[in-house]
Amino acid sequence: MKKRYLALMLLLSTFLFGAKADSSIWGNNLLSNILEYDKEGSLHMGHYFTVIQSTYIQPMLLFVLIVIPLAFAAHYFIVGPKVFSHSGKSIMVFSLFKRINHALAAISFMVIIPTGIIMIFGDFFGGGAFVRFCKGAHAIASPLFMISVIPMLLTWMKRMIFSPKDDIRWLKIVGGYLSKEKKPIPAGMFNMGQKIYFWFVTLGGLVMIATSVILYLVDFELGIFTSMGLSQIDVLRISALTHNIIGIFIVAMFMVHIYMSVFAIKDAYKSMIDGTIPEEEVKILHSSYYKELQEKGEV
Amino acid sequence: MGEFARLNFYCDEHRCINCDGCSVACAEAHELPEYISRRKVITMNEGIENMEYSLSIACMHCTDAPCQQVCPVDCFYIRADGIVLHDKDKCIGCAYCLYACPFGAPQFPLDGAFGTKGVMDKCTMCAGGPEETNSHEERELYGQNRISEGKVPVCAAMCSTKALLVGDSAKISDIYRERILSKGHGAKTQPYGWDVAYGKKL
Amino acid sequence: MTNSLGDIQNAKAIIIFGANPAVNHPVGFQHFLKAQERNNAQMIVVDPVFTKTAAKADIYVRIRPGTDIAFMYGMLHLIFKNGWEDEDFINDRVYAMDDIKAEAAKWTPEKVSDVTGVPAEKLIQVTKLYASAGVGTLIWAMGLTQHSIGSSNTRLAPILQLALGNMGKEGGGTNILRGHDNVQGATDMGCLSDTLPGYYGLSEGSWKYFASSWGVDFEWLQGRFKSSEWMGKKGFTLARWWAGAINGKDGNDQIHNAGTGLKNLFVMGNGITSIAQQAKVKEGLDNLDMLVLCDPFVNEAAILTDKQDDVFILPAATQFETSGTVVATNRSVQWRTKVVDPLYESKTDQWIMFELAKRLGFYDEFTAGMKIKENKKDFTWPEDATDEIARIIKTIGLTGWTAKRVKSHTENWHMFDQISGRGYGKMKGEYYGLPWPCWTEKHSGSPVLYNTDRSVAEGGMGFRNRFGLEHDGTNLLAEDGSAPKDSFIEGGYPEINKDNIEKVLGITLTEDEKAKIGKNWKVDKSNIIVEKCMEKGLAPYGNAKARAKVWTFPDQIPMHREPLHSPRADLVKEFPSYEDKSNHFRVDTKYVSKQTEQEWVKDFPINLVTGRLVNMNGAGMENRASKYLAALSPEMFCQIHPDLAGKYGIRDKSMMWIHSPEGTKIKVKAKYSFSVSEDRIFIPFHFAGHFQGEDLTHKFPAGTAPYASGESANTVTNYGYDIVTQIPETKGGLCRIEYAKEEA
């Protein structure tokens with residue numbers, strides 16, 4: 001089965017590009033694509049892609065890259081970080097499997113996100129070999145994310161389910177990050193912020209993967225799109241726009257994630273290295289989870 | 001060519017017979033890899049009486065070239081005569097130009113790392129690229145630079161029925177207008193024999 | 001071609017039978033399009049397949065393969081019925097049109113519709129349009145000729161033009177599109193087994209004329225043959241040489257070749273896969289003692305045969321590596337200049353032939369003719385060869401084609417009008433390429449054959465007087481008032497010979513002239529007859545009527561006969577083929593016995609049509625060796641209507657088998673197409689390298705395999721040969737198809 005699948009993929013990949021007579025972009029569909037372009041009744045995707053890509057994507061990302069760090073700086077200097085002692089008792093929260101899983105995803109993000117940003121600002125970097133290298137790295141790192149996102153989704157899904165009791169309260173107080181006080185915050189093993197990030201990155205990540213595969217393969221034909229009346233070129237246009245817009249959101253989210261784990265909660269990132277969280281930190285930031293552990297008698 | 005001349009392609013669909021002379025001439029002249037076809041001929045309604053027609057298509061060198069607008073590395077440039085060219089040294093092969101292009105003109109070889117798209121290739125209207133004109137580098141990257149030698153692009157030069165016209169848009173419309181206006185006015189010939197038009201002493 | 005490609009622009013109507021110039025002559029096709037554009041010419045395409053030419057037509061007629069005669073008689077029926085014929089033209093310049101009229105009377109539109117599958121209304125529409133549009137040109141190519149009745153087809157088409165008075169007119173004529181570079185030249189030079197160069201035939205007189213013109217002894221020439229009688233016999237043809245090699249074994253057709261089979265085959269630039277019945281070709285190759293193939297690329301005969309020894313592949317140079325003359329489809333000549341010296345180890349054709357002649361011991365005789373004109377010790381190739389041709393070939397008037405003149409035309413091609421071919425400036429008084437007949441070294445050439453509106457000096461002429469002065473009591477010479485312009489004689493006159501020259505021309509020859517003059521205009525080395533004729537404005541070959549009836553042919557007037565493999569069993573009974581013909585170009589050839597061997601249509605219900613692709617020609621050897629051309633059609637395919645394919649469970653792009661009545665089969669890729677109707681399939685004939693499902697490309701010498709290979713269409717083309725010329729019936733066969741399972 002695997003062999004067949006591989007053979008099929010290899011076979012497919014040899015026929016992916018170039019102007020074959022039956023190419024779905026350069027082949028017989030070419031003329032209808034041309035005639036469709038910006039015609040009344042068409043999706044106008046060519047036009048939307050051109051306008052959005054040329055005028056909005058760069059400013060959007062630029063906005064994210066400037067405003068979010070500014071906000072963090074303000075928070076850091078005004079509210080300041082939450083510090084929990086790592087020398088005291090710690091609770092083992094993340095199994096080795098989960099940590100490796102997270103590490104894989106983290107490494108892929110470390111590559112994918114900066115290279116993605118560089119590509120969007122390709123003109124700033126002058127294009128050429130460097131940006132081309134980034135594009136290669138972007139593509140090579142993505143399988144890493146692909147293989148980490150599914151187990152991540154499966155193993156953490158249960159804990160990420162929305163629990164109205166805590167999560168709405170958490171949202172109301174913005175996780176307590178606007179106050180310097182250390183009082184228990186309503187949250188389970190993961191708080192609402194983490195949950196939002198999780199769902200965004202996994203589900204959004206799946207969309208990113210799907211669109212990236214489409215953009216990577218370029219020239220193929222999928223019955224499902226055809227049956228929806230989508231031409232391949234429009235599928236590509238939609239994919240590129242989706243990829244870039246969701247990508248920008250993920251960049252924003254990722255920045256929050258980093259800020260939280262490194263600065264906002266001092267040294268919180270270490271939990272993803274040794275798997276433990278200081279008991280105090282759990283007690284305060286994940287009060288419901290702490291109670292749960294207490295009930296189980298694990299603390 | 002006037003001061004504001006813009007070079008364009010036009011394919012007369014009455015004349016085009018889908019002989020693929022243009023695309024083969026292009027591939028041959030620029031020594032393109034087989035999977036790249038800068039120009040191709042498309043036939044609509046093939047085999048259907050009174051409905052079949054063909055057109056030769058390549059980069060149309062748009063005035064408001066959308067490819068140039070979306071390119072993340074700004075590798076496109078439009079010459080004063082309207083020819084849209086790109087810099088292969090800058091291009092990263094992201095294919096955004098393809099998504100923006102109404103004509104499906106940009107093509108990508110499969111030579112990047114792990115089968116990623118290589119740098120884009122498209123019709124240059126036989127005008128080469130940013131490298132030094134007629135240099136070896138230009139030839140390797142973009143193919144022949146016939147425009148610099150004052151020649152017509154090879155596709156139009158080779159077109160067997162002169163369906164594919166290229167040049168200053170005003171000139172093209174003149175040629176096409178002449179074709180339309182001369183309809184039914186008889187063959188454009190000198191009569192046979194030598195005692196009619198020439199040969200009589202004035 | 002009586003006129004020229006450029007002249008088609010003068011036509012008011014264009015009717016095309018079995019030709020696809022948009023694909024086969026893309027550059028020439030611009031004249032058709034310009035005729036439509038500038039002249040409002042109506043283009044009618046009669047073809048079994050909706051071709052690229054048909055896509056440009058004003059009217060497309062889908063005809064059943066092999067029924068052109070019925071269609072043309074249908075047109076003639078309506079022409080005579082409605083009085084659209086050119087009565088004066090017929091009366092003055094045509095013999096036996098009444099016989100045609102009588103036959104045409106039988107072909108009512110309804111009958112034609114039944115036989116051809118063309119609706120009666122369409123026939124009426126086409127005929128009315130073509131007959132009333134003004135001068136119309138009639139085009140044909142292999143679609144008309146490659147039938148068992150091909151020779152009749154090619155007779156009836158000109159008869160149609162004669163009836164309408166379209167012959168000898170600008171924008172008219174019968175224009176046969178030659179399929180390859182220099183086919184006209186090759187034909188003129190007698191690359192045929194039944195004639196000497198210049199259509200001189202094989203009579204002893206002709207041999208003697210050539211022997212003396214070549215500067216060799218007639219007896220020596222005769223001695224080269226097994227015995228003197230074989231000198232006058234037709235040889236094998238390209239279509240059936242293999243029968244000679246098989247020599248009647250295993251129930252194959254018997255041959256008449258002095259008791260021996262063909263032992264050696266020497267092939268120069270002919271794609272063996274362009275010959276029908278590929279399985280027989282293979283059998284023939286296998287039976288040879290020796291096979292020599294001279295081609296720029298490996299001739300696929302080399303991999304088709306199982307023969308292991310004595311197969312020689314000689315690397316021949318291309319046209320770009322040598323120079324000489326080429327003759328275009330409109331009978332005009334051009335000089336081709338060498339671009340580069342032969343590459344690598346390749347050698348020019350003439351080098352190969354000279355070396356062969358040396359080793360066979362007749363090099364001196366072989367080259368003697370080139371030295372005669374200037375009595376030289378040695379010759380210069382190709383100029384002296386060109387001058388030799390000009391010196392000898394009088395039948396078609398090549399006298400004016402000296403190397404010097406031909407070169408000056410090619411070098412000054414910009415000084416000629418593109419449509420009329422008329423020269424100006426220093427080329428004034430000459431037509432481009434001196435289309436033959438070019439009677440003298442000063443003659444202008446004749447761009448439009450049989451044109452009487454022009455003087456002979458400017459290329460005018462009547463029809464040739466070749467078959468006597470009368471037949472069955474009817475005058476065969478043209479009637480009064482139909483002589484070319486500025487003619488000394490108003491009406492018809494016989495071909496000019498030594499005996500009648502003084503009388504016909506009204507002149508007296510000097511004793512010196514009398515001593516020098518040849519027996520007749522065709523063998524008059526002095527050219528005095530022609531010169532005298534020019535002075536009087538006469539064509540040396542006379543001014544006669546065109547024959548609608550050939551009393552020496554199996555069918556005196558063209559008759560419809562069903563193809564040997566006809567999809568209409570009922571019509572086979574009504575229009576049976578010919579009696580079997582013994583010793584037809586040395587091979588016994590089956591007609592009616594093959595046709596009635598079984599009811600073919602029961603097992604083979606689908607019509608098989610072959611044709612060309614725009615990116616290839618002939619067997620496709622050199623085209624498939626070009627990566628860009630091969631990329632346009634990388635594999636062999638079959639155009640099939642989706643409805644027909646559906647009946648057999650054949651999907652688009654799936655593989656299918658095509659079986660022929662001869663028991664052979666090919667495996668090709670199905671390509672859904674609306675160009676073909678549901679009762680026929682179309683396959684291109686440019687592929688080779690696979691044979692009956694087996695890939696033979698591993699047999700190519702290393703590095704010589706082309707970019708594309710596939711089954712040869714001719715593996716499944718049917719048995720069937722023309723009754724006169726023996727051209728194979730590739731355009732009207734039958735086949736059976738089935739879905740081919742993909743092996744994993």
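## Close-up views of a predicted model

**Figure 1. Helices H4 and H7 of chain C pack side by side in this predicted model.** The axes of helix H4 (residues 68-81) of chain C and helix H7 (residues 109-116) of chain C come within 9 Å of each other and cross at roughly 165 degrees. Since angles over 145 degrees count as roughly antiparallel, that crossing makes H4(C) roughly antiparallel to H7(C). The crossing of H4(C) past H7(C) is left-handed. From H4(C), look for Ala70(C), Phe71(C) and Gly74(C), which meet Pro109(C), Val112(C), Val115(C) and Thr116(C) of H7(C). Sorted by class, the residues in this contact are five nonpolar and two polar, with no charged residue.

**Figure 2. Helices H5 and H10 of chain A pack at an angle.** Here we move to chain A, where helix H5 (residues 96-120) and helix H10 (residues 232-264) pack at about 125 degrees, their axes 11 Å apart. That angle makes H5(A) oblique to H10(A). The two helices cross in the left-handed sense. On the H5(A) side, the contact is made by Phe109(A), Ile113(A), Gly116(A) and Ile117(A), and on the H10(A) side by Gly247(A), Val251(A) and Phe254(A). Five of these residues are nonpolar, two are polar and no charged residue takes part.

**Figure 3. Three strands of chain C pair in parallel.** This open sheet has the strand order S7-S8-S9 in chain C. Strand S7 (264-268) and strand S9 (311-315) of chain C stand at the edges; each has a single partner strand, so one side of each is left without a neighbour in the sheet. From one strand to the next, the twist averages 10 degrees. Strand S8 (residues 290-295) of chain C pairs with S9(C) over five bridges, in the parallel sense.

**Figure 4. A mixed sheet of three strands in chain C.** The strands of this open sheet come in the order S23-S22-S24. At its edges are strand S23 (694-695) and strand S24 (710-711) of chain C, each of which pairs on one side only. Strand S22 (residues 689-691) of chain C and S23(C) run antiparallel and are joined by two bridges. A handy landmark is His690(C), whose bridge partner in S23(C) is Asp695(C).

**Figure 5. The contact between chains A and B.** Two pairs of chains are in contact, and chains A and B share the most contacts. Chain B gives 37 residues to the contact and chain A gives 35 residues. On the side of chain B that touches chain A, the elements giving two or more residues are strand S2 (40-44), strand S3 (53-57), helix H2 (66-70) and helix H3 (96-100) of chain B. By class, that side of chain B has 24 nonpolar, eight polar and five charged residues. Chains A and C, by comparison, have no contact joining them, and their closest C-alpha atoms lie 8 Å apart.

**Figure 6. The domains of chain C.** Taken over C-alpha atoms, the centres of domain 1 of chain C and domain 2 of chain C are separated by 34 Å.

How values were computed
Residues numbered from 1 in each chain as written. Chains lettered and ligands numbered in written order. Predicted model: local features only at pLDDT ≥ 70, side-chain atom pairs only at ≥ 80, totals over all residues. Contact = placed C-beta atoms within 7 Å. Helix = DSSP H or I, 4+ residues; strand = E, 2+ residues; numbered from the N terminus. Nonpolar A, V, L, I, M, F, W, Y, C, P; charged D, E, K, R; others polar. Domains from an automatic or database assignment. Axes fitted to C-alpha atoms, helices over the stretch in contact; angles between N-to-C directions. Parallel < 35°, antiparallel > 145°, perpendicular 65-115°, else oblique. Left-handed = near helix turned anticlockwise from the far one by under 90°. Pairing = 2+ DSSP bridges.
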